[in-house]
Protein chains: 2
Amino acid sequence: MTSKKVVELFYDVVSPYSWLGFEIMCRYRNVWNIELKLRPAFLGGVMQGSGNKPPGLVPNKFQYMAKDLLRLSAYFDVPLQAPSDPFEAMFQKGSLTAMRFVTAVQVRETGGDKQVERVSRELWRRVWREDKDITEPASLSEAAMKAGLSEREIKEALELSTSGEIKEKLKSVTQNALDHGAFGFPLVVCHINGKPEMFFGSDRFELMAHCIGEKWLGPQPDIAAAKL
Amino acid sequence: MTSKKVVELFYDVVSPYSWLGFEIMCRYRNVWNIELKLRPAFLGGVMQGSGNKPPGLVPNKFQYMAKDLLRLSAYFDVPLQAPSDPFEAMFQKGSLTAMRFVTAVQVRETGGDKQVERVSRELWRRVWREDKDITEPASLSEAAMKAGLSEREIKEALELSTSGEIKEKLKSVTQNALDHGAFGFPLVVCHINGKPEMFFGSDRFELMAHCIGEKWLGPQPDIAAAKL
């Protein structure tokens, strides 16, 4: 039995390309011989720390991204839809509270990462499908409820999310991404023979597969694998 | 017999991702039912016209791109290697003279685009493999000679390349790319049922194939097709 390659996925639920990357990696954790580690982090901190500017500030790029996301969401089968005011959602409201909450859910969870996976997905669904808020405690509760957390678990995660411990944890994961060379999300770090290989964005899966000695079977690997 | 879908490839030989995209599209013109139209254009004009900034100005992004290009060049089998001073090559020396020359070669060529294809490739090879100049007439001559053009053809293309006609032609193709929404190169425009579908960069080939009803067989389709 060969040991699984550790693959870290740094993401923020405010980033639509992160959602695409997240779903692909969650699908492939069952197909490739990898141990996927979810690394919820803060995109705002990565942009500031790397000195990068949001791509949407260039009008042609913004229009292209809107189109690109629609095409990719259909092809990847991820139900993504732009909010009515993407700038407000991404830059004014932002994701700091949401990512602290996700971090709290992850810190509380024992024996796996099902909760953090589901809560992340429900938060993405709120911003990038249903055009809903993710900054208010009630919004986070609603997402966590849909993700299957109990009332008690949600209350505790909400309380924990404003603690110094969680703020520091989120900062340190974000710094970790920057130390790997991040300038945006998603960022996938594959540990191959003790060496980290970084992949930015949601368009290097075929190359990633090649680098870790696995096969890319398209965005819906279960269907593709079933066909083999 | 179904008619071929027209696919336009806008590129500049100063852009390494354009080289990757160019080689992939030149390979797939023999595999997919497409008519590939080469559109040599001026990246500097596209960056200025769209208000975009070179990605390499963010240090983390620059380092990532250097690594990404190396990995992709190995995977795509395109012999790319960064020049000793990429900033000088890309921004100080630039590609205006070179792209005017490529445009002149294309305007002169009748009955196909073998010359423009080969000259473009040799110019890429100079900057992005051999760390050589592409701004001097002697450099352009050398590239064109390797590409198989005769001395007379080279002399005529060099003369033509400084004419008003060619300057206008390059401007108009560049403007055409901007009108399609370009903010960088390579840009592939697939005409599907009379509607243009734009793909930016060298990482949307699988999605592109899906959109035009073809199959993505990896970066070396001839090998993959032979295996089928």
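**Cavities, a pocket and an annotated serine**

User: How many cavities of 30 Å³ or more does the count come to?

Analyst: This is a predicted model. Within it, the cavities of 30 Å³ or more come to 3.

User: Which elements give two or more residues to the lining of the largest cavity?

Analyst: The largest cavity has a volume of about 290 Å³. Its lining has 20 residues, and those nearest its centre are Asp203(A), Arg204(A), Glu206(A), Asp203(B) and Glu206(B). Both chains give two or more residues through helix H3 (59-76) and H10 of chain A, and helix H3 (59-76) and H10 of chain B.

User: How many residues of that lining of the largest cavity are nonpolar?

Analyst: The lining includes 6 charged residues and 2 polar ones. The nonpolar residues number 12.

User: Which residues are closest to the centre of the second largest pocket?

Analyst: About 1,400 Å³ of space lies in this pocket. Its lining counts 30 residues, and the closest to the centre are Trp216(A), Leu217(A), Trp216(B), Leu217(B) and Gly218(B).

User: How many residues lining the second largest pocket are charged?

Analyst: Helices H10 and H11 of chain A and of chain B each supply at least two lining residues. By type, 16 are nonpolar and 6 polar. The charged residues number 8.

User: Is Ser15(A) buried or exposed?

Analyst: An unreviewed UniProt entry annotates Ser15(A) as "active site". Ser15(A) sits in the loop between strand S1 (5-11) and helix H1 (16-28) of chain A. Beyond its neighbours within four places in sequence, Ser15(A) contacts Leu43(A), Trp124(A), Trp128(A), Phe185(A) and Pro186(A). Its relative accessible area is 3%, under the 20% cut-off, so Ser15(A) is buried.

Methods
Residues are numbered from 1 along each chain as its sequence is written. Chains are lettered from A and ligands numbered from 1 in the order in which they are written. This is a predicted model: local features need pLDDT of at least 70, side-chain atom pairs count only at pLDDT 80 or more; totals for chains, interfaces and linings use all residues. Side-chain values use heavy atoms; hydrogens and water are left out. On a 1 Å grid over the protein atoms alone, a cavity is a set of points where a 1.4 Å probe fits but cannot get out, and a pocket is an open set with protein on both sides within 12 Å along at least five of seven lines; lining residues have an atom within 4 Å of a point. Grid points are joined across faces, edges and corners, and a volume is the space filled by probe spheres set on the points. Helices (H or I, at least four residues) and strands (E, at least two) are DSSP runs, numbered from the N terminus. Ala, Val, Leu, Ile, Met, Phe, Trp, Tyr, Cys and Pro count as nonpolar, Asp, Glu, Lys and Arg as charged, and the others, Gly among them, as polar. UniProt positions are given in the numbering used here, feature names are shortened, and annotations may be inferred rather than shown by experiment. Buried means under 20% relative accessible area, exposed over 50%, partly exposed in between (1.4 Å probe, protein chains only). Contact means heavy atoms within 4.5 Å.
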